[in-house]
Amino acid sequence: MNLLPGVYTAKKKNGDIYFRSNITYRMKHISLGSYATEEAAHKAYLTAHRILEDPTVSPEELLNTPERFSDLLFEKQICLVNFRDHNLYIANPIYLRRHFFEYYLTEDICLKFDIDDLFYYSSHKILMRNRHLCVADYGSQISLITRYGLKPYAVPGRDYLHLNQDPYDYRRINLEIINRYNGVHRIPYRNSYQYKAVIHIHGNYQIGIYDTEDEAAIAYNKAIDILRKKGVKKNFTPNFLDGLSPAVYASIYSAIRISDKIIHFSPKGSLP
């Protein structure tokens, strides 16, 4: 059976025939997806050919005139434009800029990342679940913000800021990390900041207010140790401070003051 250019057939497990589209460019064989009809697969091939042969088709053009390219999946359009312009084929919808790259999650959401992150995001697909960005990694969905030293439940505006007000710009120059540790919150103090440590037992208990983020994080750890010795069974997650030597950590831990409410806490009625 003679098929239209760029089209070949394949079979489902139940034996039904469907159509796949592909194109070869710069000796690279590129799959364009699966289609219900031969005509749809051929249209995808023609759209891909037009994108690859017309250097004026940019990501902006794809977004501004989507009807011209609707026969091909949008993420595949981005892949092809990037391959044509930079001679680098990336299966994810990434377009390289001079000092950063864009990841087109959808036509409406364009994420920006440092070029140093290209290797990771070129091989890990980004997903959005309930408005939270996740990365598919070895069968698990990992919160994207954990790559920046943040907890997966960190809240924008409270725990970190996008300095240019673009919530999809994850270049490190645009991120200000406010609270990176469990139970630690930065609070204004005079013309600077202090750090409040809080731990949740039945409700929130203030551990203390400290001059540095590390001190507050260590205070949180010390509060956990005190509560566990008192028989509190809650599964707290301690902070890990990889920038401190054991000796410095021990010195701060020994000297740090903890609220009397924690020191004299009674575990009676605490949840197992």
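Colleague: Which side chain has a polar atom 2.7 Å from the backbone nitrogen of asparagine 239?

Modeller: This is a predicted model, where local features need pLDDT of at least 70, side-chain atom pairs count only at pLDDT 80 or more, and totals for chains, interfaces and linings use all residues. Numbering runs from 1 along each chain as its sequence is written, and side-chain values use heavy atoms, leaving out hydrogens and water. The polar atom lying 2.7 Å from that backbone nitrogen belongs to the side chain of asparagine 221.

Colleague: Is asparagine 221 buried or exposed?

Modeller: Asparagine 221 is found in helix α5, residues 213–229 (a helix is a DSSP run of H or I, at least four residues, numbered from the N terminus). Its relative accessible area is 4%. Buried means under 20% with a 1.4 Å probe, protein chains only, so asparagine 221 counts as buried.

Colleague: Which residues does asparagine 221 touch, not counting those up to four places away in sequence?

Modeller: Contact here means heavy atoms within 4.5 Å. On that basis asparagine 221 touches Pro238, Asn239, Leu241, Tyr249 and Tyr253.

Colleague: And how many residues are in the largest nonpolar core?

Modeller: A nonpolar core is a set of buried Ala, Val, Leu, Ile, Met, Phe, Trp, Tyr and Cys residues joined through side-chain atoms within 4.5 Å. Among those with the most contacts inside the largest one are Ile23, Leu32 and Leu80. That core has 25 residues.

Colleague: Which element gives the largest share of this core?

Modeller: β2 (17–25), β3 (28–35), α1 (38–53) and α3 (74–86) each supply at least two of its residues. The largest share, six residues, comes from α1.

Notes. Buried < 20%, exposed > 50% of the residue type's maximum accessible area, 1.4 Å probe, protein only. Polar contact = N/O pair within 3.5 Å; in protein donor to acceptor, adjacent residues only side chain to side chain.
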